[in-house]
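Hi everyone, thanks for coming.

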Amino acid sequence: MSEIPILSILIFIPVVGIFFMLLIRNNDDQSSQNLKHTALWIAFLNFIISLSLLFSFDLNNPDFQFVEKYAWIESGISYHLGIDGVSILFVILTTMLVPICILASYESIKFSVKEYLISFLALETFMIGVFCSLDLVLFYLFFEGGLIPMFLIIGIWGGERRVYSTFKFFLYTLAGSVFMLLAIIYIFISTGTTDVETLLVYNFTTNEQLILWIAFFTSFMVKIPMWPFHTWLPDAHVEAPTAGSVILAGVLLKMAGYGFIRFSIGFFPDASEFFAPFIFSLSVIAIIVTSLIALVQEDMKKLIAYSSVAHMGFVTLGIFTFTVQGIEGGIIQMISHGIVSAALFLCVGVVYDRLHTREIARYGGLVSKMPFYSFSFMIFILASLGLPGTSGFVGEFLVLLSIFSVNTYFAIFATTGVVLAATYSLWLYRRIIFGALIKDDLSEMFDLTRREIIIFLPLIILTIFIGLYPKPIINIIEPSTEKIVNQIKMKLD
Amino acid sequence: MLSLVYILPEIFLFIVATVLLVTGLFLKNIKLINLLTICSLLVTVILILNQPFQSAFLNSFVVDEFSLVLKVMILIGSIASLIMFVSSKDDLNINIYEFPILIIFSTIGMMVMVSANDLLAMFIGLELQSLSLYVLAALNRNSLLSSEAGIKYFILGALSSGLLLFGISYIYGFSGNTNFNLIAVNINPESLGLIIGIVFVLAGLAFKVSAVPFHMWTPDVYQGAPTPITGFFALAPKIAAMGLLVRFLFNSFGEIYIDWQQIIFFISIASMMLAAFAAIAQTNLKRLMAYSSIGHIGYALIGVACFTDEGLRSLLIYLMIYLIMNIAVFAFLLSLKRNDGYFENISDLSGMHKNHPLRTMLIALIMFSLAGIPPLAGFFGKFYIFVAAIKSEMLFLAIIGVVASVISAFYYLRIVKIMYFDEPKEEFDGSSIKSLNLLYYPSSILIIIFFIYPSPVINISEYAIQSII
């Protein structure tokens, strides 16, 4: 194992970047261009470094790797980092999406560029930190800290109702999370440590588990989000700038899914088993209800936001089956959704930059003016509805497989969600891309610029690659997932 | 005679104050007097750090680790408000040389308060502090608000002193002693008179720390008093009164803690909740900060209510972080100046990030810190408070605490919202705030980087509490 503290480097490179950007004082076009380039290079550098994780990652080792541990607040609460097969992909997803987001904001962010980029880099620090931290207090720090830059991103550069949305986003998530804080403190007091590795082998009593599970659940449920606490998400998505939506759908929602895997089922297996039917019900309701809601949306971003809730329903379904397949499916579904929904929001952003509206009815027949755009949009729409050969299929398939082995009824209901997803996605596509180009203002539309192609290309390649050949991804995830499942089984017995 | 060594810092400050009072009559240079005051306060810090730990005057005045730490914090607060004074004295119409001297007298009173181990010493310190503060609140004679604040503070303060004195007489009557330690030795847990005494003394002290239901004066006085003085109110007296409260309750009534615990329990909950809701409707920044400080005192009182060393430690951590955050906030308030006029309304902040990006970014972070959002310092303050509360099985307090912190996040966010999301107004002056930067930048940076290395604050608090428990 390497001696370089690579995870700390990943976490703190954006902070160093922020420091450099604070030094650029001027406020003219030239310097804001420089700022964008600086931020982009920092984010890209971080991406390259995170790729090196992939090469030095030991596939056969199910334990935490690249571990760093330093004394921090006091005994029991330490600065402890490490990643395993579950978290490594999220780290890479984050570092990949951030440069894409910055690139996507090159044209659309017109004012306060410096603050915008600083917020984004700060957000990157927090997001990577969430997936790397192996200490609950550290995790909470990063988990909540991300609210600050996101609050500003939605609030300053968002749409018309941005203030309402960003307050709703912030207060909802904060209210959900404070109970997790109390639970973390309780864990700290009763076990004397918040170290995740220690706690994973610690046995809580059943009563403790039930209470603590609920406390963690309130936080993750709001964040992931689960029906009926999903209402902040469509608002936040609609009002956020394109890049904000991308990062929100791409990474922030995954933090909660990751939390479910790592903490909820890892620490509290009895409680998780007890609550599993409850989670299944909520997930299935979420899948069906939000898919139906998505059908009637007039706003593109809102439609995709509701589809996100439905997709996250599959994730929770998979995780709480406690099977290797289910959890793997959940993770792959999250990775895939991270790529696909991010790409879909970028697709919306492309036409929004040109026409400044997200209303579906204002579009139609774009295929004749924007062939490349239509092609990329199609791939992502197909991936979103889970067509075989795209990344969306792998995750959904594994999840459905696992849920069938646990409970047939839930499986049947969940499968209807797949059909509904196909309905709203294809219908959205038809209304925007096909039909005759009759609306006047659409004749001015131009196809993807070079910058936009650079943004979409890696996402398209990944979507198809994971869809056709998911083996490498599964190889990374499998050992750690097996370990988690074995641990749960051991604790349950 | 030997005992005088133990009050050397107080004596030193007293001499400085008297000398400056006389020289000030002839020397019209207020800046110089202010500078001398700041220097003498710094010298006092050195004197305090080198003092031997001992009790003096028949054990009615104690110098120990606890008083040392609190005194240094109080002096930091005083120095900060003197720096604020320099930057704003001309514009606020408080250009009089008595200001630094009154601050010194008040500081002496507070130093006596945190060292007091006797009901009478406690009362003397409290009164010296309060009387100076009454004058300070009304310092701007030409302003109706300021005079009103002074009168209001004086009347209510006198009433609370009366309650306090009444309580003291009860305690003396039913225990036969005024010394905290002797009271503890001779305590009769059955005695109802003692309980009545405690209730009255607590009412008086709750007034000084502005805890609900004795908080009514706070918003008016905060708003009416000139801003550097409001800053002083928010910084030093709260810390001193808190220290006094701790010593009074822990040293003399530790044995019957069940009785006073529920009182603290109630005023803590009431302060947190009332402040969280009442602050939402405020339009004036200083009033808002008044409610914010009421809320923060509510959190700090959780630490007292626990009656454990964990609780006391968390209280001190909280007070230290509170001190740093408030220095930053009030330095910020004083920098809101445009064409020689000061702005106090929240709406005046509208869109100020366009013209002052760095300053706004820092104050936004301070607001998040006040709201207790990680990874900023305010979060750690709350974190330790909740650790202490849960450890002493006061889960209810902790739950109320987090709920209140979510509610209060709303009004802190509203300030961020107005600064960032609303339409910009005219630029604020940036030239005259050089000395404020001295307060503003260090304190904000401390808040931001606190999470990297929190041990010093924790170690200091642990050092301080060893003499209490």
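Chain B has 18 helices and 4 strands. Helices here are DSSP runs of H or I with at least four residues, strands are runs of E with at least two, and both are numbered from the N terminus. Along its principal axes, the C-alpha trace of chain B spans about 65 × 55 × 40 Å. For 469 residues, a compact globule would have a radius of gyration near 23 Å, and chain B agrees with 21 Å. That radius is taken over C-alpha atoms, and the globule rule is 2.2 Å times the number of residues to the power 0.38.

A quick word on where this comes from. It is a predicted model, in which local features need pLDDT of at least 70 and side-chain atom pairs count only at pLDDT 80 or more, while totals for chains, interfaces and linings use all residues. Residues are numbered from 1 along each chain as its sequence is written, and chains are lettered from A and ligands numbered from 1 in the order in which they are written.

Now, chain A meeting chain B. How many residues does the contact take from each chain? It takes 29 from chain A and 25 from chain B; two residues are in contact if their C-beta atoms, placed from the backbone, lie within 7 Å. On the chain A side, strand S1 (65-74), helix H4 (113-132), H5, helix H6 (147-157) and H7 each supply at least two residues. The largest share, 15 residues, comes from H7(A). By class, this side of chain A divides into 21 nonpolar, 3 polar and 5 charged residues. Nonpolar means Ala, Val, Leu, Ile, Met, Phe, Trp, Tyr, Cys and Pro, charged means Asp, Glu, Lys and Arg, and the others, Gly among them, are polar.

Let's stay with H7, residues 162-191 of chain A. With helix H15 (residues 377-391) of chain B, H7(A) packs at an angle of about 60°, the axes being 9 Å apart. Axes are lines fitted to C-alpha atoms, for helices over the stretch in contact, and angles run from 0 to 180 degrees between N-to-C directions. The two helices are therefore oblique to each other. Under 35 degrees counts as roughly parallel, over 145 as roughly antiparallel, 65 to 115 as roughly perpendicular, and the rest as oblique. Among the residues making this contact are Leu182(A) and Ile185(A) from H7(A), and Phe386(B) and Val387(B) from H15(B). The contact has 8 nonpolar, no polar and 1 charged residues.

Helix H5 (residues 136-145) of chain A packs with H7(A) at about 165°, with axes 10 Å apart, so H5(A) is roughly antiparallel to H7(A). Tyr140(A) of H5(A) and Met180(A) of H7(A) are among the contact residues. The axes of H6(A) and H7(A) come within 8 Å and cross at roughly 165°, so this pair is roughly antiparallel. Here the contact includes Phe151(A) of H6(A) and Phe169(A) of H7(A), and its classes are 7 nonpolar, 4 polar and 1 charged.

Last stop, the domains. Chain A is divided into domain 1 (1-260) and domain 2 (268-493), with bounds from an automatic or database domain assignment. Their C-alpha centres lie 21 Å apart, and 44 residues of domain 1 are in contact with 49 of domain 2. On the domain 1 side, H3(A) gives the largest share, 12 residues.
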